[in-house]
Amino acid sequence: MTLFADSDPVSRPRRSRGSTVGWSLILLAMLVTLVVALVPSPYVIEQPGPVFNTLGQVDVGGEEVPMIEIADATTYPTSGALDMLTVSINGNRDNRLNWFQVASAWFDSSKAVVPLDNVYPAGVTVEQSNEQSQIDMQNSQQEAIAAALTELDYDFTTSLEVVDIGAGTPADGQLEAGDTIVSVNGETFTDVTGLKATIAANGVDTPATVVVERDGAEQTLAVTPVMSGGTASAPIVGITVKGDFQFPIDVTIQLEKVGGPSAGQMFALGIIDKLTPGELNGGENIAGTGTITGDGTIGPIGGIRQKMYGAVGAGASYFLAPVDNCDEVVGHVPDGLDVFAVTTLDDSLAVLEAVSAGTSTADLPVCEAG
């Protein structure tokens with residue numbers, strides 16, 4: 001038996017031409033967005049890097065050694081931490097970040113998006129930048145030792161030696177590697193920072209009078225500075241200089257694959273802690289950053305916001321920040337971190353003394369909006 005039913009077809013709505021076009025445009029927009037997101041950008045990302053306790057051990061060549069090792073002097077036990085902070089750079093000229101990576105960093109308060117040219121100036125290779133960073137680190141270590149020993153009333157001598165000449169710079173053909181800087185415009189120096197400041201003050205319109213010692217004899221040269229590149233543009237003559245110190249005791253700072261001058265303050269504090277009785281930090285975890293000169297002056301650094309986040313991640317409750325970085329600090333301090341503004345090594349020691357004694361830090365200088 002066969003049964004018959006109504007066979008009227010079910011009516012189905014037709015997709016309109018406008019709907020099809022709309023979906024096509026959406027898909028096209030998504031595709032374009034994806035393609036653009038993967039295009040290399042002219043930015044790098046700064047983010048918190050490794051944290052190192054200057055009072056602790058570090059890995060050097062696969063062996064655990066003290067970061068600060070002192071011979072020929074009595075040293076004392078330490079505890080807690082005096083942390084130096086680093087910033088990791090994601091991206092360079094050879095490995096460009098795409099726009100998706102850059103956009104993601106904008107939503108992370110611990111990261112900063114920075115123009116590529118600010119970190120890796122045009123015409124400077126990654127290898128050259130890393131080499132300069134290592135020289136800066138070596139200079140900062142020597143300046144830190146000088147600042148610490150000056151604070152502790154040790155006597156020592158110092159000189160500034162030219163280690164490299166930039167091709168095509170004003171110094172090219174005039175100064176030579178191995179020259180000792182005697183004076184610039186009649187001023188003498190105990191550190192690289194003072195030399196840079198005098199050259200900067202000279203400006204680019206008139207020659208600077210540079211006296212060097214070469215092969216045991218003094219020579220007077222006229223060198224006209226030019227403006228450097230990058231964000232911190234300043235008059236330069238194109239030389240790389242290192243401090244040559246003759247210290248009365250042997251202080252060795254051991255740290256691999258970390259460059260730049262910004263650990264100077266914490267190196268100096270670590271040396272002082274090891275050379276003095278008691279715990280400079282009261283056994284607390286204290287972090288900080290800042291360049292330092294042989295006379296104990298603390299200078300500004302880059303990436304301070306990322307370093308504050310690195311300090312919190314390492315368990316620090318107190319942070320020593322250069323006064324000249326305060327504009328970047330205000331309004332960006334992570335929860336749980338007390339930040340103190342310091343100008344000299346004595347300022348930093350005052351903070352440590354208050355923390356160690358458990359007294360109020362209310363009267364100590366903090367960063368305020370400029």
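Reply: Helices (H or I, at least four residues) and strands (E, at least two) are DSSP runs, numbered from the N terminus. With those labels in hand, let's look at a pocket and then at a helix.

This is a predicted model, where local features need pLDDT of at least 70, side-chain atom pairs count only at pLDDT 80 or more, and totals for chains, interfaces and linings use all residues. Residues are numbered from 1 along each chain as its sequence is written, and side-chain values use heavy atoms, leaving out hydrogens and water.

The chain has an average pLDDT (the predictor's confidence in each residue, from 0 to 100) of 88, and 88% of the residues score at least 70. Helix H6 (residues 264-275) has the highest confidence, at a mean of 98, while helix H1 (residues 17-37) has the lowest, at 60. Where pLDDT is low, the predicted coordinates should not be read in detail.

Now for the second largest pocket. A pocket is an open set of points on a 1 Å grid over the protein atoms alone, where a 1.4 Å probe fits, with protein on both sides within 12 Å along at least five of seven lines; lining residues have an atom within 4 Å of a point. This one holds about 300 Å³ of space. It is lined by 17 residues, and the closest to its centre are Glu46, Ala112, Arg305, Gln306 and Glu328. Strand E6 (112-115) and helix H7 (304-313) each contribute at least two residues to the lining, with H7 giving the largest share, 4 residues. By type, the lining has 6 nonpolar, 7 polar and 4 charged residues.

Next, helix H5 (residues 192-202). Its buried residues (under 20% relative accessible area; exposed is over 50%, partly exposed in between, with a 1.4 Å probe and protein chains only) are Val192, Leu195, Thr198, Ile199 and Asn202. They sit on the same side of H5 because they cover an arc of only 125° around the axis, taken from the directions from the helix axis to the C-beta atoms. An α-helix has 3.6 residues a turn, so residues three or four places apart point the same way. On the other side of H5, Lys196 and Ala201 are exposed. Among the elements covering the buried residues are helix H4 (126-151), strand E7 (157-165) and strand E9 (208-214). After H5 comes glycine 203, with a positive phi near 80°.

A positive phi also turns up in residues other than glycine. Aspartate 153 has one of about 65°; this residue lies in the loop between H4 and E7 and is exposed, at 67% relative accessible area. Lysine 257 has a positive phi near 60°, and its loop runs between strand E14 (250-253) and H6.

Finally, visit the loop between strand E4 (68-71) and strand E5 (81-90), where threonine 75 is found. Threonine 75 is partly exposed, at 40%, and its contacts, not counting residues up to four places away in sequence, are Ile70, Lys274 and Leu275. Alanine 73 is in the loop between E4 and E5 too, and it touches Tyr154, Ile249 and Leu275, leaving aside residues up to four places away in sequence. Between alanine 73 and aspartate 250 there are 8.2 Å in space, C-alpha to C-alpha, although they are 177 residues apart in sequence.

Key: Contact = heavy atoms within 4.5 Å. Points joined across faces, edges and corners; volume = space filled by probe spheres on them. Nonpolar A, V, L, I, M, F, W, Y, C, P; charged D, E, K, R; others polar.
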